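Welcome to a short tour of one model. Have your viewer ready, and let us look at strands, open spaces and a few backbone details together.

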Amino acid sequence: MKKLLLALLLTSVIISCKPGNPVQVQMQLSNGYWFNGSGFVQRTAWIKDGILSFNEKAIQSDTIVDLEGKYVIPPFAEAHNHNLESDYELEERIRSYLDNGVFYVKLLSSIKKRIDSLMHHYNKPTGIDISMAHAPLTGSGGHPIALRKRFLGYGHFDGLFNTLEDIESHGYHIIDSEEDLNNKWERILSFEPDFIKINLLYSEEYEKRKNDTTFFGKKGLNPDLVPAIVKKAHNSNLRVSAHVATSHDFHVAVTSGVDEVAHLPEIHNGQPINPKDAILAAKQGTIVVTTASLVTKNKEKPNYQALVDNVRSNLKILKEAGVIIGIGSDMYNDNSVGEFQLLYSLDVFSNLELLKMWCENSATTTLPHRKVGFLQDDYEASFLVLDKNPLKDIKDINESISLKIKQGKILD
């Protein structure tokens, strides 16, 4: 076997393979400090057939890599976005994700009829791994119907849909009763979603808004239906992710047993969440995805600083309750890098907490049935090698990446 320094390994691998086709080798990685969930431990690791092992007897390697005291962490994830659902600037977006070490992306409301032609980009060692909800469940006139109508007018659905009625069931499912739920459930499952997304918006005003057209697009499901939806999804072995706007939406989602809350509540309204709801979320393992950078859309408002302070306060409530928190941005022209930087600036979480949120929690809520997010035996050999210890200096962590390996393949 030939022992190579890291730089020499990278040079030899990149030269020997065509662009876009990273090579997979059986390798031993020595002199690296591997993240174990609480700190870094110097270990030797092996990769075989894209799987990670710390068992010396398990693998005969053809290449030894000297990591020269660098730091190894799981890859980052983006637990809430929509920017890989069409071909608009798609290659640039994928490249931005991979360049920044973001390997996993959760798409919260893709349209299957549109994304099917793009699937060759995804869920492979050389690309982004994604999970998809496809059409979310909402009430009549609820979100995202207004958004779909606007995009239809922009011509985004040319060749796919001609009218708003054509989009229904592809772009959203209207559920106004348990009868609707039962009658449409097989249609919902026919799109083969990885999880179910439900839309709760201002559920405390459901009766006021449900028949008022001035609230078109600014409402969602009848909150009384959410427990039945969650039960039906769980019976179909599907997790449920809830879009929320207010603290009451958060209460409905958590008490109904959803698996994930897709937004920090009260980003735009500036109200506190109930600590009792946070405690219940922690107890039942409900994950909350941050999307805190959405607050920056209010920069021109006179109460902007108060909104930022409320975001910080609500994050502290979740942290103190022990809620599992994942990082997602819901920023179409960005990804979780910007979200991470905003969270860092709020000074709520320690470096260790931020690292676990971005690497572990975000990955496991995005791909819960995959062995990702941890550097353990028999997990996928996907990781980032950093020049610096992120527990000491985590700011601009993505800029310290010196090596990216995904499912055993070195990414250029």
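## Strands in the core

Tyr-104 has Asp-129 as its bridge partner in strand E9. Strand E9 covers residues 129-132 and pairs with E8 in the parallel sense over 4 bridges; helices (H or I, at least four residues) and strands (E, at least two) are DSSP runs, numbered from the N terminus, and two strands pair if DSSP finds at least two bridges between them.

Before going further, please note that this is a predicted model, in which local features need pLDDT of at least 70 and side-chain atom pairs count only at pLDDT 80 or more, while totals for chains, interfaces and linings use all residues. Residues are numbered from 1 along each chain as its sequence is written, and side-chain values use heavy atoms, with hydrogens and water left out.

Tyr-104 is also the bridge partner in E8 of Ala-77. Strand E7 (residues 76-81) and E8 run parallel and are joined by 4 bridges. From E7 the chain passes through helix H2 (residues 90-99) to E8, a β-α-β crossover that is right-handed, meaning that, with the strands pointing away from the viewer, the path from the first strand over the helix to the second runs clockwise. Phe-76 stands opposite Val-102 in E8.

Are these strands buried or exposed? Strand E8 (residues 102-107) has 6 of its 6 residues buried, so it is largely enclosed by the rest of the structure. In E7, too, 6 of the 6 residues are buried, so the rest of the structure largely encloses this strand. Here buried means under 20% relative accessible area, exposed over 50%, and partly exposed in between (1.4 Å probe, protein chains only).

On a 1 Å grid over the protein atoms alone, a cavity is a set of points where a 1.4 Å probe fits but cannot get out, and a pocket is an open set with protein on both sides within 12 Å along at least five of seven lines; lining residues have an atom within 4 Å of a point. Grid points are joined across faces, edges and corners, and a volume is the space filled by probe spheres set on the points.

The largest pocket has a volume of about 1,300 Å³. Of the 42 residues lining this pocket, His-82, His-143, Leu-147, Phe-151 and Asp-330 are the closest to its centre. Helix H4 (145-154) gives the largest share of the lining, 5 residues. The lining of the largest pocket has 17 nonpolar, 15 polar and 10 charged residues, where Ala, Val, Leu, Ile, Met, Phe, Trp, Tyr, Cys and Pro count as nonpolar, Asp, Glu, Lys and Arg as charged, and the others, Gly among them, as polar.

There is 1 cavity of 30 Å³ or more. The largest cavity has a volume of about 50 Å³, and His-134, Phe-191 and Lys-197 are among its lining residues.

## Backbone details

Most residues other than glycine have a negative phi, and most peptide bonds are trans.

| Residue | Phi |
|---|---|
| Asn-237 | about 60° |
| Thr-291 | near 45° |

Asn-237 is exposed, with a relative accessible area of 67%, whereas Thr-291 counts as buried at 0% relative accessibility. A cis peptide bond, with omega of about 15°, joins His-143 and Pro-144. Pro-144 sits in the loop between strand E10 (137-138) and H4.
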